[in-house]
Amino acid sequence: MSDRTPPPERPDPESSERRILTPGSPNPRREFLRSAALFTATAGALGGGLELLTRRPGGPGAAEAQGAAFTRPARPLGPYDTNEAVTPYAQATSYNNFYEFGLDKSDPARMAGSLKTRPWTVRIDGEVRKPMTVDIDTLQGWFPLEDRVYRMRCVEGWSMVMPWLGFPLAALIRRMEPTSKAKYVQFTALLDPKQFPGQKQAVLQWPYVEGLRLDEALHPLAFMAVGLDGRVLPGQNGAPLRLAVPWKYGFKSIKSVVRITLTEKQPQTTWALAAPQEYGFYANVNPAVPHPRWSQATERRIGELGRRKTLPFNGYAEQVAGLYKGMDLRRFF
């Protein structure tokens, strides 16, 4: 979030070993939806195995269900997955930037119990032929859920590897039927200081807003996540719905989304408003363009010693560089 010299960005960590939900198991989408609360594990009664409790979304215990585990078989890597080791779940859910909960990395995990993800609706509007307000469980039910193992690079110079569960953003946008005037997609996060105590402080202009160019949003890598590492998405990682755009710095991947608006003009985004000299609209990972306070040439992978070289577009240059052909990436940072 931000003041005169805004704090670092708001990355979006999350992950664990590799027991991911996969579209291979019997009717995974229905299983996932039926238990947006699914859960709670006690490793005892079943000899260390998880005892899965299914609950109606929004019913008693739904809050505890964030992070609930699914029993799902492993799966082969998909065409969009990295083969790098996944960040352990405990680290991905305890080292987070989510200023709505507080400025320290540990604040989101400590405060996430205040976030109630049922009931939850998402408003879809702007330059679309089918504006609507839709319940999160209905929205999830529109699409087959997919696994994606993505790199996540924070502008602060650290990174993770995240196993998401969700659906392509392009599928949702096409369902909205954009008009010919639609050029950008704006995302807005929940504004509720009772649930997000960090919003009581004017460190940023609330609510949190992010945006993509329409062609970026339609790219196959752009993803809406509802789960993490075989579990319901935890509050500290952006429950119940968050964006994942792996070729951009983490602060672009907005969490706890309540509104998606197609616009003709480029949206004003939260970090660009807070410190335009530090945070641009595009925010593509670029090791050749340093942040005023951090070199972007290398990164620290959470859980590793030492540093590794940062790759252009976070290693996704082959897939996305064509979106920016002819652009001066130092100017449009």
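Is N314 buried or exposed, and what is its relative accessible area?

Mentor: First, a caution: this is a predicted model. N314 is buried. Its relative accessible area is 3%. Buried here means under 20%, so N314 falls well within that class.

Now the backbone. N314 lies in the loop between β12 and α8. Its phi is near 60 degrees, a positive value in a residue other than glycine. That deserves a second look, because most residues other than glycine have a negative phi.

F313 is found in the loop between β12, residues 308–309, and α8, residues 317–320. F313 counts as buried because its relative accessible area is 9%, under the 20% limit.

Other backbone exceptions sit in other loops. The peptide bond from R118 to P119 is cis, with omega near -5 degrees. P119 lies in the loop between α3, residues 107–111, and β1, residues 121–126. P207 is placed in the loop between β5 and β6. These bonds stand out because most peptide bonds are trans.

Strand β5 covers residues 184–189. Five of its six residues are buried, so β5 is mostly covered. Strand β6 spans residues 209–213 and runs antiparallel to β5, with five bridges between them. β5 also pairs with β10: six bridges, again antiparallel. V185 shows both pairings. In β6 its bridge partner is L212. In β10 its bridge partner is L262.

S253 is buried, because its relative accessible area of 2% is under 20%. I254 is buried too, at 0% relative accessibility. Leaving out residues up to four places away in sequence, I254 touches F187, T188, A189, Y208, V209, E210, R242 and L243.

There is a record to set beside this. An unreviewed UniProt entry places the feature "binding site" at several positions, among them R242, S253, I254 and K255. The entry's other positions include N96, Y99, E100, C154 and N237. Treat that as annotation, which may be inferred rather than shown by experiment.

Finally, the empty space. Rolling a probe the size of a water molecule over the atoms shows where such space is left. The largest pocket holds about 250 Å³. Its lining comprises 21 residues. Nearest its centre are Y249, N284, N286, V289 and F333. By class, the lining has 14 nonpolar, six polar and one charged residues.

Notes:
Residues numbered from 1 in each chain as written. Predicted model: local features only at pLDDT ≥ 70, side-chain atom pairs only at ≥ 80, totals over all residues. Heavy atoms only, no water. Buried < 20%, exposed > 50% of the residue type's maximum accessible area, 1.4 Å probe, protein only. Contact = heavy atoms within 4.5 Å. 1 Å grid on protein atoms, 1.4 Å probe; cavity = no way out; pocket = protein on both sides within 12 Å on 5 of 7 lines; lining within 4 Å. Points joined across faces, edges and corners; volume = space filled by probe spheres on them. Nonpolar A, V, L, I, M, F, W, Y, C, P; charged D, E, K, R; others polar. Helix = DSSP H or I, 4+ residues; strand = E, 2+ residues; numbered from the N terminus. Pairing = 2+ DSSP bridges.
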